[in-house]
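Here's a quick tour for anyone opening this one for the first time. Take a look at the sequence and the structure, then read on.

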Amino acid sequence: MRLGVLDVGSNTVHLLVVDAHRGAHPTPMTSEKTVLRLAERIGADGRLADADADELVANVAQVKQAAEQAGCEDLMAFSTSAIREARNSAEVLARVRDETGVELRVLSGEQEARLTFLAARRWCGWSAGRLLLLDIGGGSLEMAIGIDEQPDLAASLPLGAGRLTRTRLPQDPPTQRQVAEMRDWLDDQLAATAKRFRKSGSPDRAVATSKTFRSLARLTGAAPASAGPRVPRSLTETGLRQLLAFITRMSAADLATLDGVSSARSHQLISGALVAEAVMRALGVAELDICPWALREGVILRRLDHANGEDHTAMRTRAEFGSFDAERTSANGSDVDRGTGRQAHYGARWNR
């Protein structure tokens with residue numbers, strides 16, 4: 001079965017086409033993206049202007065056509081923080097549906113965290129034990145931890161790399177005072193959530209997804225993307241701290257010349273690195289393994305989990321993503337650690 005996943009994010013409109021069936025490894029066939037930076041287009045009134053909505057509609061129509069030409073049986077379309085936070089999101093979504101026939105489902109931040117955790121769990125396997133997942137997007141930071149396929153605890157904070165570049169570090173490059181103030185502010189913003197995560201129990205393995213973490217790992221010596229997704233990659237606290245001392249003095253134009261940094265995202269690299277440093281510090285994580293699967297793969301896996309193994313008929317948009325409401329969430333925001341049979345080989349370098 002060939003599936004298309006349309007991800008309308010804060011920075012890009014991204015189509016991923018995969019061949020997959022339940023129980024099998026989804027095989028990527030094609031991938032294409034357009035940089036729209038929707039989050040930056042939301043005006044002071046909190047709305048997307050008509051011209052920006054026009055551009056989104058045109059891009060979704062192009063993606064739908066590309067998915068049809070690729071032979072996709074289903075196109076699963078979702079949007080994240082940029083559309084979620086626009087005051088006229090309902091109006092924009094209605095336009096997309098009426099003019100393209102594509103119904104964008106708006107995911108909550110917690111749903112993003114849970115679906116990304118599912119993807120990381122499937123990639124890492126059960127031997128990873130208690131798994132910690134971190135993901136830095138353009139608009140938000142997603143965090144999840146647990147021993148099952150559904151995390152015991154999932155959270156989303158408005159600490160995305162693009163958002164903080166606009167609101168906290170608009171100067172290019174930022175001053176060292178601004179960087180220091182940003183560090184202190186991030187520590188304060190993360191304190192309560194980090195306390196809940198530490199209370200839930202130490203992980204056996206800590207992993208990170210997203211372009212931000214991949215770029216940071218590459219800049220600290222990880223293998224390039226051309227080496228393939230199965231090459232082990234990691235980001236250490238020490239390497240990140242050394243990298244920050246270097247990149248916080250560089251302009252976005254200079255950062256774009258570095259290997260692993262795209263020109264479309266170079267302006268938000270410093271903010272993303274500061275968020276990564278802060279969350280690792282808050283959770284006491286000394287090293288993160290980079291996981292190549294993230295939200296889009298999580299959406300695919302959830303779709304396959306809810307498909308009939310024999311009869312892959314088209315499903316309605318809501319059913320394609322599974323039942324989010326039925327997903328487990330602890331009553332007080334943190335479940336008791338149930339023990340994992342921890343294996344030292346997969347230790348998460350969790351600082352005490």
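Ser79 sits in strand β4; strands here (E, at least two residues) and helices (H or I, at least four residues) are DSSP runs, numbered from the N terminus. Ser79 counts as buried because its relative accessibility is 0%; buried means under 20% relative accessible area, exposed over 50%, and partly exposed in between, with a 1.4 Å probe and protein chains only. Setting aside neighbours within four places in sequence, Ser79 is in contact with Val8, Leu93, Arg105, Val106 and Leu107, where contact means heavy atoms within 4.5 Å.

A word on the model: it is predicted, so local features need pLDDT of at least 70 and side-chain atom pairs count only at pLDDT 80 or more, while totals for chains, interfaces and linings use all residues. Residues are numbered from 1 along each chain as its sequence is written, and side-chain values use heavy atoms, with hydrogens and water left out.

## The sheet around β4

Strand β4 (residues 74–79) runs parallel to β5, and 2 bridges join them. Phe78 is opposite Arg105 in β5. Zooming out, 5 strands make an open sheet with mixed pairing, in the order β3-β2-β1-β4-β5; two strands pair if DSSP finds at least two bridges between them. β3 (27–35) and β5 (105–106) are at the edges with a single partner strand each, so one side of each has no neighbour in the sheet.

## The whole protein

The protein has 13 helices and 11 strands. Of its 352 residues, 53% are buried. Among contacts with a separation of 6 or more, 71% are between residues 24 or more positions apart.

## A kinked helix: α7

Helix α7 (residues 176–199) has 24 residues and spans 33 Å from first C-alpha to last, close to the expected 34 Å; the expected span is 1.5 Å times one less than the number of residues. There's a kink of about 50° centred on Ala191, the bend at a residue being the angle between axes fitted to the seven residues ending there and the seven starting there. Gly201 follows α7, with a positive phi near 120°.

Which residues of α7 are buried? They are Val179, Met182, Leu186, Leu190, Thr193, Ala194 and Phe197. Their cover includes β6 (131–136), β7 (141–146), β8 (153–157), α6 (161–167) and α11 (269–283).

## Cores and covered helices

The largest nonpolar core has 46 residues, and Leu141, Phe213, Ile247 and Leu283 touch the most other members. A nonpolar core is a set of buried Ala, Val, Leu, Ile, Met, Phe, Trp, Tyr and Cys residues joined through side-chain atoms within 4.5 Å. α11 gives this core its largest share, 10 residues. A second, separate core of 26 residues includes Leu15, Val17, Leu56 and Val57.

α11 is mostly covered, with 13 of its 15 residues buried, and Gly284, which follows α11, has a positive phi near 70°. Helix α12 (residues 295–305) has 9 of its 11 residues buried, so it is largely enclosed by the rest of the structure. Among those buried residues are Leu295, Glu297, Arg302 and Arg303.
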